[in-house]
Structures are given as structure tokens and as C-alpha cells.
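Hello,

Here is the structure I promised to pass on.

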Amino acid sequence: MKRLLGMVIALCCWTFSGNATASAADLKPVASVTLPCESTYQMISPTGKTLAALCNADRSLHVVDIASGKELFAQASDIRISASDFSRDGKWFGVGFWDGTVKIVPLAGGAAQQWRVSEHRIHLIEFLRDGHSVFVDALGDPGQIWDLSGTAKPVATLHSDFSGPSAVAASAYGKLLATGGGDTVMRIYDTGTWKMLHENRNASKLEMFDMDFTPDGKYLLAGGADDHLLVIDAATGEETRKLGGPSGVIDDVSALGDNTHVLVEYVDADDVNKPPVHAIWNLDTQKAQAMPDLETVTGHRVVNGKMWFASTKGTALQIFEYN
Amino acid sequence: MEMKRRELLEKCAALGAMTIAGGAMPIVAVARAWDDAEKRKTPTPWCELGPFYKRDAPHTTMLRGANDSGMPLAVAGTVYSVNGNILQDATLEIWQTDNAGHYDNQGYLYRAIMKPDGKGGYAFESVLPGHYPARVAQHVHYLVTAPGHKPITTQLYFATDPVFQGDPDKNMKADPLITSRELIRAVVIKGDPGTHIVAAVNFDIVLEKA
């Protein structure tokens with residue numbers, strides 16, 4: 001979960017703004033569900049079949065099957081929740097807490113695992129594509145890889161000069177894992193050996209807040225405090241393009257399924273109450289298109305290569321697909 | 001005249017006020033160990049790096065400009081190892097908001113790198129930071145590194161910050177990111193109110209060995 005995003009969702013809901021050049025007609029409703037509570041933050045799973053909703057009133061977290069509305073898992077907020085993620089196949093859901101523990105829940109049923117990773121709060125969880133490993137990072141600590149086959153056990157600790165990663169992304173075919181550190185260094189690892197393949201110390205002097213690979217694995221896309229979208233050649237770790245757009249720090253980077261378009265969310269770090277601005281970048285033309293207005297957006301995710309947006313009114317949630 | 005630790009121990013042993021286990025342990029070694037134990041310092045509490053660290057800041061100890069608004073701030077301290085030795089080869093990186101609570105991410109305003117002097121001392125001049133919108137308390141970020149020691153990220157807070165309502169002991173939790181009361185420092189107002197005043201703060205840093 002992104003750091004600035006966390007600040008924003010704590011204070012307000014999201015709305016689109018800006019000079020839209022795309023049409024609202026490009027948004028097609030694809031699903032609707034009634035949430036167990038009023039929520040201004042949801043995480044849609046990569047399969048598009050489930051979502052997690054954070055309740056406004058008590059900050060509890062609920063995983064819901066979108067088609068049936070059935071609640072699959074609920075996490076009370078007796079310990080404050082600080083991060084969460086779905087696995088790519090939708091089988092696992094991971095929750096991180098302020099007390100440094102991580103809980104991994106099999107959504108089809110079975111016993112959850114919970115263990116302490118650190119004394120610091122968990123701020124990044126990312127399931128790997130192998131279906132049995134998860135990247136976990138606690139603030140200030142190096143990133144860790146845990147194997148979930150049987151009792152969770154540590155597999156690797158990833159290097160940082162200081163502090164820990166602030167962004168992480170797994171490539172679509174699962175061979176690469178990239179991290180952007182609080183030390184501002186971008187690193188790419190081989191997930192088979194956990195050997196560091198590339199280390200880029202020049203791409204950014206500021207922290208990165210989010211990363212994503214294009215689905216073909218060719219490019220690593222990263223954004224953060226310096227408001228540029230960095231396009232990195234995943235095979236070499238070298239920067240190929242640096243795309244400057246709307247002002248504001250980049251809080252979210254999501255590559256779409258065509259390997260060309262990227263949704264980028266910009267946040268005004270000096271005014272977190274201001275609605276974020278969204279743009280779709282074309283990596284070929286290096287031009288950005290502003291997103292259409294939508295009344296209230298409370299979550300988004302790339303599902304089957306298309307961007308899905310969640311929008312809520314009370315407990316009624318609707319999901320739109322952007323074409 | 002102040003008695004040295006060794007002399008005190010010798011006198012205590014001679015008068016039977018103290019017995020050293022093992023008998024053969026030299027008084028001078030015991031005195032040194034005792035001195036070392038008293039010199040030991042507690043590591044500075046960790047606090048998170050925060051989202052706006054920027055690499056390659058300028059080497060300076062003057063962070064404020066001549067016409068900058070805000071209460072002038074003077075921070076000084078000494079960098080130690082946990083064994084009490086000074087660390088003159090440490091490097092301190094400091095960053096904070098301006099008086100209005102704004103981080104300069106485009107440039108390097110209110111960002112600096114500095115080295116301690118021969119006595120491990122460091123000092124810089126700035127302004128009291130404003131309240132950054134997504135944080136509760138005013139703070140100054142530190143990243144301190146030294147050969148043979150673990151790097152530390154921490155944050156300096158001010159006891160005069162209105163969020164503590166005059167009682168940091170009671171109201172420290174107003175900002176959930178403050179990890180230790182020790183990081184909230186007393187502020188001493190110095191200077192002549194008619195001409196120039198400055199908020200002076202002392203903040204020592206203690207690094208753990210790697």
C-alpha cells in the first residue's frame with residue numbers, strides 16, 4: 001500500500017479532476033456489490049473477483065466476493081492495519097499491521113498464518129508470481145522474502161544502504177522483482193536465486209513510491225517524489241525515458257495490458273485533501289492523456305489488462321472498466 | 001581534590017569496604033571497566049525515514065536564507081558510539097520543511113550534509129519547521145552514518161510544538177509516528193528580544209556498532 005495514498009485515504013475520498021480529454025463514455029460498468037460498511041478505500045484483486053474494503057467507522061477490513069457479495073474474510077482493527085495485498089491468482093490475501101506482524105489468509109478456506117516480521121510497522125506486502133512466496137517490508141528494515149509452503153519461513157533479505165524499500169514490483173512472468181528504496185536506489189533481482197541483477201543509483205535522487213512492470217516484462221515503470229515517470233529497461237536496469245507531466249508526486253503506477261499505456265496517479269504532497277490527478281501515459285508517443293471525471297473513485301486495479309475503477313455511494317459499490 | 005576511580009577502588013579495597021571477586025584482578029583493570037560502563041550510551045531511538053529524503057544535498061551548516069520567514073533555529077549536538085567514544089568521521093544528513101510546512105523536492109532548500117568537528121560536535125542553523133499537512137508534529141529528519149556503525153534514521157521534535165499542549169510526556173502520542181519521548185527536545189530561547197532571538201536545541205546522536 002502506498003505511503004502517500006495511505007495519508008490521502010485517511011483524510012478524504014478520491015475524485016477525479018482536471019481537464020478531461022477522454023470521455024466518460026469510455027467508462028463501462030462491469031459489476032456492483034453491497035459492501036458490509038461504508039468505505040472510501042477498496043483494493044480490487046488482480047482477478048477482479050474479490051475486493052477488500054476498509055471500513056470508515058472502525059477501520060476493519062473486509063474481503064468480499066464481488067459476484068455474490070459474500071464476505072470471505074474480516075479483519076478487526078484491534079491492531080491497526082498498515083498494508084494489504086491479494087495474490088495474483090486471488091487465492092491468498094495478506095495483511096500487515098502496525099505491530100510488525102503479517103497475516104496470510106487462504107481465501108478458499110483453511111488456517112491463516114500470522115507471524116512477527118519486525119518491531120516496526122509493515123508497509124509493503126507483495127505476493128510473488130510463483131504462488132507460494134511473498135515480499136514483506138517493515139518500515140526501516142530491509143525487504144524480506146518469505147516462503148508460504150507450510151509454515152512461513154524466510155528465504156532472502158534484500159539489500160538496502162539504509163532504511164528499506166518504499167516500492168516493489170514483480171514481473172508478469174515472475175522472474176524479476178524490482179525494489180525502489182528509501183535510499184533512492186532501484187534494484188532488480190532474479191527471483192530464482194535472489195541475486196541482484198541491476199542496481200541503478202542515478203535514476204532518482206528521491207524516493208520511489210510505486211513501481212510496475214509492463215506485462216511483457218520489457219520495462220520497469222517507477223514514480224515517486226520527483227513527479228517524473230521513470231521508464232527503465234528491465235534487461236539492463238538503465239533509464240530509457242523520464243516522463244514529466246502534471247505536478248505532484250507520483251503515488252501509483254499501473255501498466256495496462258497493451259504494454260504501451262500506463263495509469264499514473266499524482267498527489268499534491270502539500271495538500272493531501274486535494275483530489276489526486278490521474279493521467280494515462282503512452283510510452284511510445286511519450287504523451288499523457290488526462291482521465292475523465294468520475295464522481296467518486298475509491299479504488300482501482302488493472303484486471304485482465306484493463307483498468308478497473310471502484311466508486312462508492314454509501315455501501316453501494318460500482319466497478320467501471322476504462323476502455 | 002577529586003579522587004580518580006582507581007584511587008577510590010584502592011582505598012575501598014584497603015579498608016575492606018570492597019572485595020574483588022577472583023582476587024587477582026588488578027584494580028586498574030576494574031577501574032577502566034567501571035569507567036567504560038559509565039561512559040556507555042543508549043542508542044538514539046529510530047524513527048522512520050519519511051517520504052522526502054533526497055540524495056546529494058549540499059554540504060552546509062546554514063540551512064536558512066537571510067530573508068527566510070520563521071523562528072530561527074540552532075541545533076547542536078555530539079555524535080557518539082554506544083561505547084561513549086565520539087564519532088568525528090560520521091556523516092549527518094538533515095532535511096526538514098520550511099516555516100510553512102513545505103518540503104523542497106525540486107531543489108535543496110532546508111537540506112544539508114555535514115560532518116562533526118574534531119570533538120564529534122555538529123551544529124546547524126535553520127528555522128523551526130512548519131507543520132507538514134500529513135504529519136502532526138514539527139520535525140527535522142536525520143540520517144546519520146559512520147564507518148563500523150549501523151546507519152540510523154531518526155527525527156528531532158520540539159517540546160514547544162503546540163501539538164504537545166505544553167506537556168510532551170502526556171501528549172507525545174498526539175503524533176503516532178513519534179517513537180520515543182527522548183526525541184522531543186527542550187527548546188531554549190536565546191538572544192536579545194530587541195534584536196535577534198533563536199530557538200536553541202541540543203540533540204546528541206548515538207550510533208550502534210555494526
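Predicted model: local features only at pLDDT ≥ 70, side-chain atom pairs only at ≥ 80, totals over all residues.

Where chain A and chain B meet, 29 residues of chain A are in contact with 25 residues of chain B. The area buried between the two chains is about 2000 Å², and carbon and sulfur atoms give 59% of that area. On the chain A side, Phe162(A), Lys205(A) and Asp270(A) lose the most area to chain B, together 28% of what that side buries.

Lys205(A) turns up again among the charged contacts: it forms a salt bridge with Asp56(B), with the closest N and O atoms 2.6 Å apart. The count between the chains is two salt bridges, and eight residue pairs are in polar contact across the interface. Helix H1 (residues 3-11) of chain A gives the most to the side that touches chain B, with three residues. By type, that side of chain A divides into 11 nonpolar, seven polar and 11 charged residues.

Now to the rings. Over all chains, the search finds 13 aromatic pairs. One of them is Trp115(A) with Trp146(A), a tilted pair at 5.1 Å centre to centre and 50° between the planes. Trp115(A) sits in strand E9 (residues 113-116) and Trp146(A) in strand E12 (residues 144-147) of chain A, so placed that the pair links parts of the chain 31 residues apart. Both tryptophans are buried. Ring pairs also link Phe209(A) with Phe52(B), Tyr103(B) and Tyr132(B) into a cluster.

Best wishes

Key
Residues numbered from 1 in each chain as written. Chains lettered and ligands numbered in written order. Heavy atoms only, no water. Contact = heavy atoms within 4.5 Å. Buried area = accessible area lost by both parts, 1.4 Å probe. Salt bridge = Lys/Arg side-chain N within 4 Å of Asp/Glu carboxyl O. Polar contact = N/O pair within 3.5 Å; in protein donor to acceptor, adjacent residues only side chain to side chain. Helix = DSSP H or I, 4+ residues; strand = E, 2+ residues; numbered from the N terminus. Nonpolar A, V, L, I, M, F, W, Y, C, P; charged D, E, K, R; others polar. Phe/Tyr/Trp six-rings, centres within 6.5 Å; stacked < 30°, edge-to-face > 60°. Buried < 20%, exposed > 50% of the residue type's maximum accessible area, 1.4 Å probe, protein only.
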